[in-house]
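Here is a short report on one protein chain.

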Amino acid sequence: MLKLNNLESFHNDILKNNKTYGVFDYTHNSIDFNILFDIVKIPFKLYLIKKNNGESIDLDVDSEYRIDTYLGDRLKTLRSMLELSNGKSSFKTNDFFNEFNKKIPSQLSQCPIKQIYLQSIYNYEDSELVYFKCLIDWDKNTVSNKHFTAANREKTRILYPQIYEYIKDKNISVVYTDQESESNLHHFEASIHFKKK
């Protein structure tokens, strides 16, 4: 087990900002990655996602920020992501993750991550429907007697963390569309900003 000490500060900043995950950029030997650290449950999940093609591996992170550097079958994937040949080389996972640890930021930043990469990691429902359309408050809809689904809530947590924070304790579902032109996200964000004032 290897401790990623710098994840602790990053984790604390995720919590401070009322998020359930954080993303940062990482470059190793001119290869760019998105790193997603998901703290919704223990063990935490650390995803390394190669930016140019979405190839990824995930690691469990325990509550002490330790990872198992023995990757088993995933070592081949990591070597592919790092564009290393399959022959013998001096590559050691401990060395890689020690170097990675040094570059973990202490604070969240606004690092975009492609929705298609999020879909491949989380495999959420109705993957083609990714644009926010509207909310349905099931408590106000007395005719249907329905409620939000866990799958809808998880998809919202991943795609729209701000909306997730707004609805997480309410009986509200998000309606998604595959048409960006039908998205009402800006109207929703404006109304939330107005309500906070």
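The text below describes a predicted model, starting with its sheet.

**The sheet**

Four strands form an open sheet in the order S2-S3-S4-S5, and their pairing is antiparallel. S2 and S5 are the edge strands. Each has a single partner strand, so one side of each has no neighbour in the sheet. On average, neighbouring strands are turned by 20° against each other, direction ignored.

Strands of a sheet pair through backbone hydrogen bonds, either parallel or antiparallel. Two of the pairings are set out here.

| Strand pair | Sense | Bridges | A bridge in the pair |
|---|---|---|---|
| S3 and S4 | antiparallel | 6 bridges | Ile35 with Leu48 |
| S4 and S5 | antiparallel | 6 bridges | Lys45 with Asp60 |

S4 spans residues 44–50 and S5 spans residues 56–61. The hairpin of S4 and S5 has 5 residues between the strands. In this hairpin, Gly54 takes a positive phi near 80°.

Which residues of S5 lie on its covered face, and which on its uncovered one? Ile57, Leu59 and Val61 are on the covered face. Ser56, Asp58 and Asp60 are on the uncovered face. In a regular strand the side chains alternate between the two faces of the sheet. Asp60, on the uncovered face of S5, is also the bridge partner of Lys45.

H1 covers residues 7–16. Its buried residues are Leu7, Phe10, His11, Asp13 and Ile14. Seen down the axis of H1, they fall within an arc of 160°, so they line one face of the helix. An α-helix has 3.6 residues a turn, so residues three or four places apart point the same way.

What covers these buried residues of H1? The cover includes strands S2 (21–28) and S3 (31–38), together with S4, S5 and helix H3 (93–102). Just after H1, Asn18 takes a positive phi of about 55°.

The strand pair S3 and S4 is joined by 6 bridges. H1 packs on the sheet and touches S2, S3, S4 and S5. The direction of H1 makes about 145° with that of S2. H4 also packs on the sheet, touching S3, S4 and S5. The direction of H4 makes about 135° with that of S4.

**Helices H4 and H5**

Two packed helices are described by the angle between their axes and the distance between the axes. H4 runs over residues 115–122 and H5 over residues 150–159. Their axes come within 11 Å and cross at roughly 140°. That angle makes H4 oblique to H5. The crossing of H4 past H5 is right-handed. On the H4 side, Gln115, Leu118 and Tyr122 make the contact.

Thr69 sits in the loop between strand S6 (66–67) and H2. Is Thr69 buried or exposed? Thr69 is buried, because its relative accessible area is 11%, under the 20% cut-off. Leaving aside neighbours within four places in sequence, Thr69 is in contact with Leu2, Thr93, Asn94 and Phe97.

Arg79 lies in H2, which spans residues 74–81. At 10% relative accessibility, Arg79 also counts as buried. Arg79 and Phe91 are 12 residues apart along the chain. Their C-alpha atoms are separated by 8.6 Å.

How values were computed. Residues are numbered from 1 along each chain as its sequence is written. This is a predicted model: local features need pLDDT of at least 70, side-chain atom pairs count only at pLDDT 80 or more; totals for chains, interfaces and linings use all residues. Side-chain values use heavy atoms; hydrogens and water are left out. Helices (H or I, at least four residues) and strands (E, at least two) are DSSP runs, numbered from the N terminus. Buried means under 20% relative accessible area, exposed over 50%, partly exposed in between (1.4 Å probe, protein chains only). Two strands pair if DSSP finds at least two bridges between them. The arc is that of the directions from the helix axis to the C-beta atoms. Contact means heavy atoms within 4.5 Å. Axes are lines fitted to C-alpha atoms, for helices over the stretch in contact, and angles run from 0 to 180 degrees between N-to-C directions. Angles under 35 degrees count as roughly parallel, over 145 as roughly antiparallel, 65 to 115 as roughly perpendicular and the rest as oblique. A crossing is left-handed if the near helix is turned anticlockwise from the far one by less than a right angle, and right-handed if clockwise.
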